[in-house]
Amino acid sequence: MNRKSRITSIVEARSLDFSIRGLQTFNLSELNLTTDLEFQLPTHIRLGHLAEKIVSELIKSSSNYRVLYENVQVFEDKKTIGEIDFIIEELNTKALIHMELAYKFYLFDPSISSEPINNWIGPNRNDSLKEKLEKLKRKQFPLLYHNCTKSTLNTIEVDKASQALCLLASLFIPYEYKASFSPMYEKAIKGYYINFETFIRGDNSEKNYYMPSKKEWGMEPSENESWTHFNGVERYIETSMKEKQAPLCWQKYKDTYVAFFIIWW
């Protein structure tokens with residue numbers, strides 16, 4: 001995995017703004033960063049934790065914010081009741097922010113509802129944007145005011161902290177889907193999704209493919225250097241379909257690069 005490309009993909013990821021639903025937004029664009037960031041990344045962690053590590057390093061590398069707490073486990077009667085992602089401080093104003101981070105990939109299924117926010121689901125249909133927002137409002141943000149949290153974060157005045165969500169999202173829509181989206185969603189659309197049969201029909205000898213690992217999701221396909229023809233990915237995709245796992249695929253066709261999910265459902 002190209003470390004610099006991985007960092008850049010997080011810096012440039014789009015934040016979804018749900019302030020209209022009572023969740024204030026923290027954009028990584030608020031960080032004053034140098035142009036040439038370079039820091040080590042852990043290798044044996046999941047994508048979500050990798051994104052957290054990168055965002056932590058970005059905040060620490062900025063000239064206008066600092067990290068006071070991160071990944072704070074909150075215990076009650078020796079049982080974990082939750083975790084606080086970040087408590088950060090804006091250096092000029094000394095303002096405290098409880099910031100929750102999410103790095104998500106959602107597919108738009110128009111058959112679910114007439115309300116767009118209900119239609120963004122995980123690639124394997126086992127999570128959704130709506131569920132994520134409800135969990136944040138019901139559990140994650142209220143955790144800050146739990147007595148056990150206050151005793152853990154004992155160097156700050158918890159009640160003076162504001163709260164914000166940094167929801168970095170890559171969105172994918174049905175292949176050749178023509179409906180329009182609000183600007184918030186539109187700017188985060190990174191590609192499309194298709195079923196395996198459509199993928200097979202669209203293949204030709206000029207197309208090359210790469211199946212990125214989960215930790216490479218969100219990176220730019222154009223920066224990839226390893227490509228193969230259809231027969232190099234066919235068995236992997238067939239296995240994924242049988243296991244009901246929707247893989248991400250990168251495609252190089254002449255001078256064009258695209259990212260898409262191949263769905264089993």
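In strand β6, A169 is the bridge partner of K104, and this pair belongs to the contact between β4 and β6, two strands that run parallel and are joined by eleven bridges. Helices (H or I, at least four residues) and strands (E, at least two) are taken here as DSSP runs, numbered from the N terminus, and two strands are regarded as paired if DSSP finds at least two bridges between them. The model is a predicted one, in which local features need pLDDT of at least 70 and side-chain atom pairs count only at pLDDT 80 or more, whereas totals for chains, interfaces and linings use all residues. Residues are numbered from 1 along each chain as its sequence is written, and side-chain values use heavy atoms, with hydrogens and water left out.

Strand β4 also pairs with β3, to which it runs antiparallel through four bridges; within this pairing, I97 of β4 is the bridge partner of I88. The two strands form a hairpin with five residues between them, and K94 in the turn has a positive phi of about 65 degrees. A further antiparallel pairing, of two bridges, joins β4 to strand β5 (residues 120–121), where I121 is the bridge partner of L107. Because twelve of its 13 residues are buried, β4 is largely enclosed by the rest of the structure; buried denotes under 20% relative accessible area, exposed over 50%, and partly exposed the range in between (1.4 Å probe, protein chains only).

The largest nonpolar core comprises 40 residues, of which I10, F26, L28, L58, I59 and M99 touch the most other members. At least two residues of this core are supplied by each of α1 (3–11), α2 (47–61), β2 (65–76), β3 (79–90), β4 (96–108), β6 (162–174), β9 (248–253) and β10 (256–263), and α2 gives the most, with seven residues. A core of this kind is a set of buried Ala, Val, Leu, Ile, Met, Phe, Trp, Tyr and Cys residues joined through side-chain atoms within 4.5 Å. When residues up to four places away in sequence are not counted, L58 touches I7, I10, V11, L28, L31, L33, L37 and F39, contact being defined as heavy atoms within 4.5 Å. A second, separate core of 21 residues includes I117, L133, L165 and I173.

S62 is placed in the loop between α2 and β2 and, because its relative accessible area is 8%, is classed as buried. A polar atom of its side chain lies 2.7 Å from the backbone oxygen of I59, and a polar atom of the S62 side chain lies 3.2 Å from the backbone nitrogen of Y65. Such polar contacts are pairs of N or O atoms within 3.5 Å; within protein, one must be able to donate a hydrogen and the other to accept it, and residues adjacent in sequence count only if both atoms are side-chain atoms. Not counting residues up to four places away in sequence, S62 touches L31, N32 and L33.

W264, in the segment after β10, counts as partly exposed, at 27% relative accessibility. With residues up to four places away in sequence not counted, W264 touches P123, N124, M241, K244, Q245 and A246. The side chains of W264 and N124 are joined by a polar contact of 2.9 Å, while a polar atom of the W264 side chain lies 3.1 Å from the backbone oxygen of K244. W264 and L107 are 157 residues apart in sequence and, from C-alpha to C-alpha, 13 Å apart in space.
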